[in-house]
Every structure is written in structure tokens, then in C-alpha cells.
Amino acid sequence: MDYQQNQCQHIDLIPFNNKFFCKSCGIHMPEDGSVGIKAINFCFPGYLNPIQNLKKQWNRAVPIGSLPSEYQKQRLSLIDYMIEWSEKLKLSMNSLFLAVQFLDYFVSQKKVDPVQYRLYGATCLMLAAKSIELDERIPFISKLRRYTYLPYATLDFRRCECQIIKQLNWNLQCTTLIDWAEAVISLGIVYQQDELTQSENILKEKSTNILQQQNNQQIKQDIFKEHLDTVFKQPTTAPKQINEKVQEQLIRLCVSVLKDGSYLDRDPAELTVSVVGCARKASGLKTSIPKCLFELLENVEPKFQESLTDHFIKQVKQPTSVLGRAFTTDLDFFSLQNYKHRIM
């Protein structure tokens with residue numbers, strides 16, 4: 001990940017909702033003196049009220065109804081396909097999340113032949129890209145057919161696209177979990193005052209063991225002691241690199257939540273706070289939700305943090321994408337047996 005640290009000095013502050021934000025980069029400036037850390041790609045000028053915008057985003061998700069049992073069985077595999085397609089088409093993570101939300105909503109409202117789930121999934125990916133991506137990144141039907149290898153004609157994709165758009169009432173401007181997470185990141189979720197979970201004594205002990213292993217006790221005593229003194233002087237506060245780690249953990253956790261599907265009907269504000277807290281904890285920060293961040297997010301309770309932590313531990317052991325595995329197992333069968341099942 002190409003990561004550059006925000007070098008803003010936070011001199012020009014602007015008040016919103018009794019809270020202060022940097023007018024240049026938009027980061028939150030807590031009253032307790034904590035200094036936020038974030039990457040330069042999340043720096044946005046603070047011309048709008050970020051808290052008000054966040055509150056509006058909580059209610060812009062597509063309402064998902066009950067999902068058919070057959071779709072629930074295939075949902076994980078479908079998302080794996082959509083992840084692989086989006087990687088090949090070089091689409092953003094936001095397009096992927098929006099496409100899955102479109103698919104979940106459509107399948108919960110309309111009866112769909114399970115054979116055609118992939119057709120609808122690919123079409124939702126195209127619609128999401130049309131809503132978010134730049135024109136040169138939009139995979140139109142000809143490109144979509146070439147990259148997905150689905151045995152359907154252009155007319156099938158067009159009919160499917162019309163059905164989904166009508167069901168969405170021509171409203172493709174919706175927000176997803178990754179959008180909410182990025183909005184919170186832009187306000188700052190890691191602070192220079194954050195402390196690591198490990199105490200200074202543990203850090204010293206580990207540093208000593210590492211040095212002993214690397215040098216195999218063949219280093220001179222004076223150099224060894226000088227090196228240890230340097231390690232001991234290092235602060236226990238989180239380095240700036242920890243912010244990059246929190247962002248990576250946050251994205252991985254959002255993907256695992258997307259694939260799980262059991263959090264679709266949860267309150268998005270509580271889910272977002274829970275995801276942020278889990279990502280901070282998984283990155284080694286001592287406090288999952290510091291007081292200044294808790295106040296920034298209007299004291300929303302992270303009700304799902306414990307369950308997400310358990311879920312995240314299980315998911316990190318598994319790949320986030322099938323990376324071609326699904327195509328090698330059932331493409332021939334799908335192409336030969338189901339080509340006749342066209343969308344009507």
C-alpha cells in the first residue's frame with residue numbers, strides 16, 4: 001500500500017457541533033489535546049459539517065429483506081466471484097460493497113433462478129461501477145462478458161440491468177459499510193497519544209531476546225548494551241505506521257463482515273463503531289475506542305465489537321478471495337449445462 005503521512009500543521013480550525021476540525025485536512029482536533037494521525041489520501045477540506053454528514057449516511061443503506069435459503073447457501077461463493085471480477089476489472093472496494101448490497105436487495109425482493117445468481121452479481125458490479133467509478137473504469141457489457149466468462153448474451157445483461165434498476169427505483173446512490181468506515185477514517189481514528197497493548201517491560205524483554213538470537217551471543221558487551229539502551233528509550237506510544245495497520249485491518253474486517261451476511265440488518269452506526277474498535281484492538285492499540293473518538297461519534301455504543309473480534313479471528317485464517325479456484329472447478333459444467341437458462 002502506497003502510504004504517505006499527512007503533514008498538515010492543523011493551524012486553521014473550524015467548529016462543528018461543539019467540536020473542532022482542521023479546515024485544511026478535515027481531521028478531528030479533540031479538546032483533550034490528542035493529535036490525530038491519518039494518511040494523505042484521506043485528507044479532505046473541512047468545509048462541511050462531518051458529524052451531520054455522518055448522521056445522514058447512517059440512513060442511506062439499501063433495506064435488505066429476508067434472503068432465500070438457496071441464495072444464502074451460495075452467497076459466500078457469489079461474493080468470492082465478485083471479488084475476483086472486481087480485482088480483474090480494477091474496481092474500487094466501494095464498487096464491490098455497493099454491488100453486493102444491490103444483489104442482496106434485489107434477491108430479497110424478487111424471485112431469481114439460482115442458476116442466474118452470477119449473471120445478476122456481474123450486472124450489479126457493472127451498475128455499482130457506473131454509480132461510483134470514473135468513465136474509463138466502468139466495465140460495460142462487452143468487457144464484463146470477457147472478464148467473467150459467463151455464458152450469456154449481451155441482451156441477457158441488458159434485461160437483467162433494467163430489472164435491477166427498476167427494483168432500486170433508479171436510485172443507485174447508496175452508502176455501504178466501507179463508505180462509513182472511510183468517512184470515520186477521514187476524521188481520524190488513530191492518535192499520537194495512543195498506547196500499544198504491550199507494556200514497556202515486555203517490549204524490553206522481547207528486544208533483549210531478539211538481539212540475543214540475532215547475534216548468537218557473539219556481539220561485544222558494550223555494543224550490546226548500547227543497542228539495548230536505544231531500544232529502552234523508544235516510547236510506548238503508537239508509531240505513525242500503526243495507522244496504516246489499522247486501516248488494513250479495518251478493510252479486512254469490513255470484507256469479512258460483507259461475506260458473513262449476518263450483520264445486514266444491524267444498525268450501521270453501531271456496526272461502524274464496532275468495526276473501528278475491533279480494527280484498533282487487532283492492530284495492537286491498548287484502547288479500542290478512546291474517549292475523544294467515542295465523543296466524536298456521538299457516543300454510539302460498539303455493541304458488536306466482541307462478536308466481530310471472534311469473527312475476525314476466524315476469517316483471517318481464510319483467503320479473502322477464491323483467486324480463480326472457483327473457475328477451475330465448475331466453469332465447464334456451468335457453461336454446458338446452464339447456457340439455455342436465459343433471463344426472461
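Student: How many residues of helix 3 are buried?
Tutor: 15 of the 17, so helix 3 is largely enclosed by the rest of the structure. Keep in mind that this is a predicted model.

Student: Okay, and how far apart are the end C-alpha atoms of helix 3?
Tutor: They're 25 Å apart. Helix 3 covers residues 93-109, and at 1.5 Å a residue it should span 24 Å, which agrees.

Student: New topic: aromatics. How many aromatic pairs does the structure hold?
Tutor: Five. One of them is Tyr-81 with Trp-85: the ring centres are 5.7 Å apart and the planes sit at 40°, so that pair is tilted.

Student: Where are Tyr-81 and Trp-85?
Tutor: Both are in helix 2, residues 69-89, four residues apart, which means about one helical turn separates them.

Student: Why does that spacing matter for which way residues point?
Tutor: An α-helix has 3.6 residues a turn, so residues three or four places apart point the same way.

Student: And is Tyr-81 buried or exposed?
Tutor: Buried, because its relative accessibility is 1% and the cut-off for buried is under 20%. Trp-85 is buried as well, with a relative accessible area of 1%.

Student: What about Tyr-263 and Phe-304, what kind of pair is that?
Tutor: Edge-to-face, with 6.2 Å centre to centre and 75° between the planes. Tyr-263 is in the loop between helix 10 and helix 11, while Phe-304 is in the loop between helix 12 and helix 13, so the pair ties together parts 41 residues apart in sequence. Both residues are buried.

Student: What else is Glu-161 in contact with, leaving aside neighbours within four places in sequence?
Tutor: Besides Lys-130, there's Thr-123, Met-126 and Leu-127.

Student: Last one: where is Met-29?
Tutor: In strand 3, residues 28-29. Met-29 is buried, at 15% relative accessible area. Not counting residues up to four places away in sequence, Met-29 touches His-10, Leu-13, Phe-20, Phe-21 and Cys-22.

Student: And how far apart in space are Met-29 and Cys-292?
Tutor: 8.9 Å, C-alpha to C-alpha, though they're 263 residues apart in sequence.

Conventions
Residues numbered from 1 in each chain as written. Predicted model: local features only at pLDDT ≥ 70, side-chain atom pairs only at ≥ 80, totals over all residues. Heavy atoms only, no water. Helix = DSSP H or I, 4+ residues; strand = E, 2+ residues; numbered from the N terminus. Expected span 1.5 Å × (residues − 1). Buried < 20%, exposed > 50% of the residue type's maximum accessible area, 1.4 Å probe, protein only. Contact = heavy atoms within 4.5 Å. Phe/Tyr/Trp six-rings, centres within 6.5 Å; stacked < 30°, edge-to-face > 60°.
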